[in-house]
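Subject: A structure for you to look at

Hello,

Here is the structure I promised to pass on to you. Please open it alongside this message, and I will walk you through what turned up.

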Amino acid sequence: MSAPNPTIAAIATAPGRGGVGVIRLSGKDLLPLAQALSGGKTPKPRAALYTDFLDADGQTIDNGLMLYFAAPASFTGEDVIELQGHGGPVVMDMLLQRCFSLGAKAAEPGEFTKRAFLNNKLDLAQAESVADLIDASSKAAARMALRSLKGAFSQHIHALVDDLVTLRMLVEATLDFPEEDIDFLKAADARGKLQNLQSRLKTVLASAEQGAILREGMNVVLVGAPNVGKSSLLNALAGDDVAIVTDIAGTTRDTVREQITLDGVPVHIIDTAGLRDTDDVVEQIGIQRSQKAVQEADVALILIDPREGINAKTQAILNGLPDGLKKIEIHNKTDLTGDTVEKVSDGLTQTGADTLIRLSAKTGQGLDLLKQALLQEIGWQGESESLFLARSRHLTALHAAEVELENAALCGNDQIELLAEHLRLAQVACSEITGEFTADDLLGVIFSRFCIGK
């Protein structure tokens, strides 16, 4: 960003009508702008000023509270002003246009948080947790996002980086003073320090992987031949009639999506159109969308009518499932077949799934077994205070650091230069998480996904 940064302004509250609307501004030396808006009044830092908000002709646009946060004691590290007025869209837009007329420019998505990061008010992991807190789809996700915002994740990363720096100094001291008789590495137990780093990194990675599950949730597709009960199962899981249920094959002509929460984990369930050959153009489009949903799924629930078993239609569906897709075999309609409601994990399923569940979508018997099985399939171990939300880029960086430490451990005593390089790369990977080493183009991608006003 150019220096000095221009003043930015944006509506910080959600679109639409509301009792209160907030406009946020950030920039340098904002008191003259505040005085122009308030008719000459000078707000005191961190004290609410009740005032009229005036246009260029001195006419009142709205009235409400003006809050002034003087740099550097603000969210962005710059002067920040918040205007709290009435939350009508027209009023908010008039007030925002007045801010533009006084020299402010429209804030880009995430620009307030980006300035907080660039001014060292937040590290990159904390900045991302702002968006995660806003987007949290469950109470558990919100709690974990707040932990990351307060620095829980960053503290673990900084501790790893600090110890990596210490170990690098020991290794590079050996490189710098090869003529010395002192064995720096052995005397300082460098191998022991490396093993300890590996162990702690594995612990952080395990917590991050659990946090990623909580943040991203899982995509579950219901697949099977027409009229095996996919829509009935979706309705049972959702607790509502979100899909039409009839005895007519092809009733579901498009994907139907519903989100539920299991133990705090968001689960996106997709009821696919019955995968079959058809001449119906509309149904063909629905089947194409179903095939795309299957390719993007984490878990497939394969529904089978136990009275028919694996017929040609079901086999064709199984043949089209991507390799590596996790599967749970579902035998529905126990209320009609008389089968025992149960979960079987002996690996002897007809579809190659590790788990078979017999249930009744109509009566709800066996649904708890299915919910537990879904959480087990993605490795969810339950919420704990040690978890923090993590993104895919965090996991990528941690896995990269893990590989570098593994390579470092394989280096012999005559490969000190290689050992030093692996430790350096591990440090770079960890530092990318908090932003010490981050490409500018990556910053642009990260903050562009924030909402306006953040």
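Predicted model: local features only at pLDDT ≥ 70, side-chain atom pairs only at ≥ 80, totals over all residues.

You will find Ile134 in helix α4, which covers residues 124-135.

The average pLDDT of the chain is 85, and 86% of the residues score at least 70. Over residues 243-254, however, the pLDDT is below 50, although in the model this stretch has 33 contacts beyond near neighbours in sequence.

Next, the nonpolar cores. The largest one has 36 residues, and the residues with the most contacts inside it are Leu233, Leu301, Ile328, Ile330, Leu370 and Leu374. Helix α13 supplies the largest share of this core, with five residues. At least three residues come from each of domain 2 (129-213 + 391-435) and domain 3 (219-378). Another core, of 35 residues, lies apart from this one, and its members include Ala190, Leu205, Ala212 and Leu405. As general background, nonpolar side chains in soluble globular proteins tend to be buried together.

Leaving aside residues up to four places away in sequence, Ile328 touches Val299, Ala300, Leu301, Ile302, Ala353, Thr355, Ile357, Leu370, Ala373, Leu374 and Glu377.

Now for the aromatic rings. How many aromatic pairs does the count give? The count comes to one. The pair is stacked because the rings of Phe153 and Phe388 have their planes at 15°, under the 30 degrees cut-off, with their centres 4.4 Å apart. This pair links distant parts of the chain, 235 residues apart: Phe153 belongs to helix α6 (residues 152-176), while Phe388 sits in the loop between α13 (367-377) and α14 (392-410).

One more ring is worth a look. The charged end of Arg24 sits over the ring of Phe112, at 5.5 Å from the ring centre.

Enjoy exploring, and do write back with any questions.

Best wishes

Conventions:
Residues numbered from 1 in each chain as written. Heavy atoms only, no water. Phe/Tyr/Trp six-rings, centres within 6.5 Å; stacked < 30°, edge-to-face > 60°. Helix = DSSP H or I, 4+ residues; strand = E, 2+ residues; numbered from the N terminus. Lys NZ or Arg CZ within 6 Å of the ring centre and 35° of its normal. pLDDT = per-residue confidence, 0-100. Contact = heavy atoms within 4.5 Å. Core = buried A, V, L, I, M, F, W, Y, C linked by side-chain atoms within 4.5 Å. Buried < 20%, exposed > 50% of the residue type's maximum accessible area, 1.4 Å probe, protein only. Domains from an automatic or database assignment.
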